[in-house]
Amino acid sequence: MASKASRHYRSCPRVVKGVKRFTYDLIVVGAGSGGYAAARTARELGARVAVVDHGPLGGLCILRGCMPSKTLLASSDLAHDVREAGELGIRLGPPSFDVTHIKSRKNRIIGGFADDRAEQIRSFPLYEGLAQFQSPTELQVGDDVLLESHRFIIATGSVIAPPVVPGLPEAGYIDSDQALEIERVPRSLIVLGGGYVASELGQFFARLGAQTTFLIRGRQLLTGEDSDVGDALTGYFRAEGIPIETGAQLQRVTGEGDRKIVHYVQTGQSKEIAADEILYALGRIPNIAGLGLERAGVQAHPMTGIQVGIDLRTSNPNIFAVGDVTGRYPLVHVAIYQGEIAARNAVRTEYERADYRLTKARTIFTDPQVAIVGDTEKELERSGTPYRVASYPFNDHGKAISINKTKGFVKMMAAPADGRILGAAVLGPEGSDLIHEMIVAMHFNATVFDFVKIPHLHPTLAEIWTYPAEELAAIVSGAREPISAAG
Ligand SMILES: Cc1cc2nc3c(=O)[nH]c(=O)nc-3n(C[C@H](O)[C@H](O)[C@H](O)COP(=O)(O)OP(=O)(O)OC[C@H]3O[C@@H](n4cnc5c(N)ncnc54)[C@H](O)[C@@H]3O)c2cc1C
């Protein structure tokens, strides 16, 4: 593939045997969220930075991840609210859907975001082409460009994990990329997977009228999270008419005319389920194929990605890696955080460490939304950290009742010794926003005693946090027996 250098900032190359050579202080490979943050930070520090990306420009979050999915979910969530509107005395009748409009709205919004980002990326010397290391200091781009530097940051993201279920490629399926480009809603859909992408997109299709069934290996959606959170979300999906088949071991997929049949084993029994479409959402893997990492002295594993230390250095101390390609916490804000740290470490040759205590906070845009900060109960138990926990349901909270958004609960974990907040989770309305109060509190190492002194306006969803905080303050100060505890 021939490379196209951006017109701006193009410096004079040395030409050796028809290959143009350019030299920079730092070269960033991949211009998604992590790579762009790294390039921007390094330039602010005065480095001469070049960016390499094979395109399309914009990165996963803008083009095929966070933003298109949340734009689509806005339509399906509204459809759900319309169905529930009778409870608030508004008679609307069953909603109908204009999928062409939903998709073109998404495309228009995403197009705007992508154009803005492409313009920002083009403000750097940009080499558009496939990047491949030739040595620890040389990166080939396309056929005729060789970039030289003593420092690189790799930010090549992730790709959809190849299908592992026999027969699936032959029978046909859609993955998250194709789900975001739908032309019509299938009459019936089987979702393979129970992680955040599966849960968000599966609920989207269900709310747009697809008869949707989840097949998951675990016993709840979001298996990695605490079981009270995953169990409750699973229950809400079921109550909404979305069957979740748990403990399903996938055997194979066959096709019969237009129908796709998934064969699986559940509690020792062979079962099958047929649908018009299958959404394959069993995860992503780091994108390292073809980068020539071995020639750069960078160690990586096809499933877990590029190994990095706490300062984002790879096994070659002059080469850093950030974002999804590192295989840890595949979230946009983590990619940006890592990109900024890696850039500072690369340019100033410092040893700034990444700290994931708060940065690993995450949110899932199902309805109700899930959001988590700090340690989960599972993590506290695994690390043997003593804690006390208190929770409070939205169906007993005034504001939630008044706006008819009563699904879910909040919970808070605190250290029994001094009441320091160790973690918090919300499953509920506006959970992705509500969690920020706990992120701020934990940033300042607040205790539950500090927290109960903070004013909360009434009536708001946010004031729900005061209930577990008050309960924990009473428990930690010895006034009350713990409801549940470890350690
Ligand atoms: C459906 C979906 C929904 C999501 N929703 C959320 C969400 O709500 N919140 C959240 O935090 N995260 C979400 N994510 C995850 C989030 O999108 C990613 O964690 C994030 O975008 C990763 O950024 P990155 O910089 O690591 O990689 P990317 O943004 O993927 O950037 C990698 C760049 O490298 C380039 N590239 C790759 N290989 C080469 C090569 N060999 N040569 C040259 N260029 C190359 C690519 O063109 C790309 O521009 C979602 C993901 C999906 C799939």
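**Exercise 1. Is Cys66 buried, partly exposed or exposed?**

Work on the predicted model. Classify Cys66, then its disulfide partner, and describe the link.

*Solution.* 
- Step 1. Take the relative accessible area of Cys66, which is 24%.
- Step 2. Apply the cut-offs: buried is under 20%, exposed is over 50%, and partly exposed lies in between. Cys66 is therefore partly exposed.
- Step 3. Find the partner. Cys66 forms a disulfide with Cys61, and the two sulfur atoms are 2.5 Å apart.
- Step 4. Classify Cys61. Its relative accessibility is 13%, so Cys61 counts as buried.
- Step 5. Read the handedness. The angle about the S-S bond is -135 degrees, and the link of Cys61 and Cys66 is left-handed.
- Step 6. Check for others. Searching the whole structure gives 1 disulfide.

**Exercise 2. Which residues come nearest to the ligand, and how is the shell made up?**

*Solution.* 
- Step 1. List the nearest residues. The ligand has 34 residues around it, and Gly34, Asp53, Leu60, Lys70 and Asp324 come nearest.
- Step 2. Sort the shell by class. It holds 15 nonpolar, 14 polar and 5 charged residues.
- Step 3. Assign helices. At least two shell residues come from each of α1 (33-44), α2 (59-64), α3 (66-84), α7 (196-207) and α10 (332-348). The most come from α2, which gives 4 residues.
- Step 4. Asp324 places a polar side-chain atom 2.8 Å from a ligand oxygen atom. Asn287 has a polar side-chain atom 3.2 Å from a nitrogen atom of the ligand.
- Step 5. A backbone N or O atom of Pro330 lies 3.2 Å from an oxygen atom of the ligand.
- Step 6. Judge the cover. On its own, the ligand has 1000 Å² of accessible area, and the protein covers 94% of that.

**Exercise 3. Why is helix α16 described as largely enclosed by the rest of the structure?**

*Solution.* 
- Step 1. Set the limits. Helix α16 spans residues 466-476, which is 11 residues.
- Step 2. Count. Of these 11, 9 are buried, so the rest of the structure largely encloses α16.
- Step 3. Name them. The buried residues of α16 are Thr466, Pro468, Ala469, Glu471, Leu472, Ala473, Ala474, Ile475 and Val476.
- Step 4. Find the neighbors. The buried residues of α16 pack against the strands β25 (387-393) and β26 (409-414), and against helix α15 (448-453).
- Step 5. Look past the helix end.

Notes:
Residues numbered from 1 in each chain as written. Predicted model: local features only at pLDDT ≥ 70, side-chain atom pairs only at ≥ 80, totals over all residues. Heavy atoms only, no water. Near = heavy atom within 4 Å. Polar contact = N/O pair within 3.5 Å; in protein donor to acceptor, adjacent residues only side chain to side chain. Areas by Shrake-Rupley, 256 points an atom, 1.4 Å probe, with all protein chains shown as cover. Nonpolar A, V, L, I, M, F, W, Y, C, P; charged D, E, K, R; others polar. Disulfide = S-S within 2.5 Å. Buried < 20%, exposed > 50% of the residue type's maximum accessible area, 1.4 Å probe, protein only. Contact = heavy atoms within 4.5 Å.
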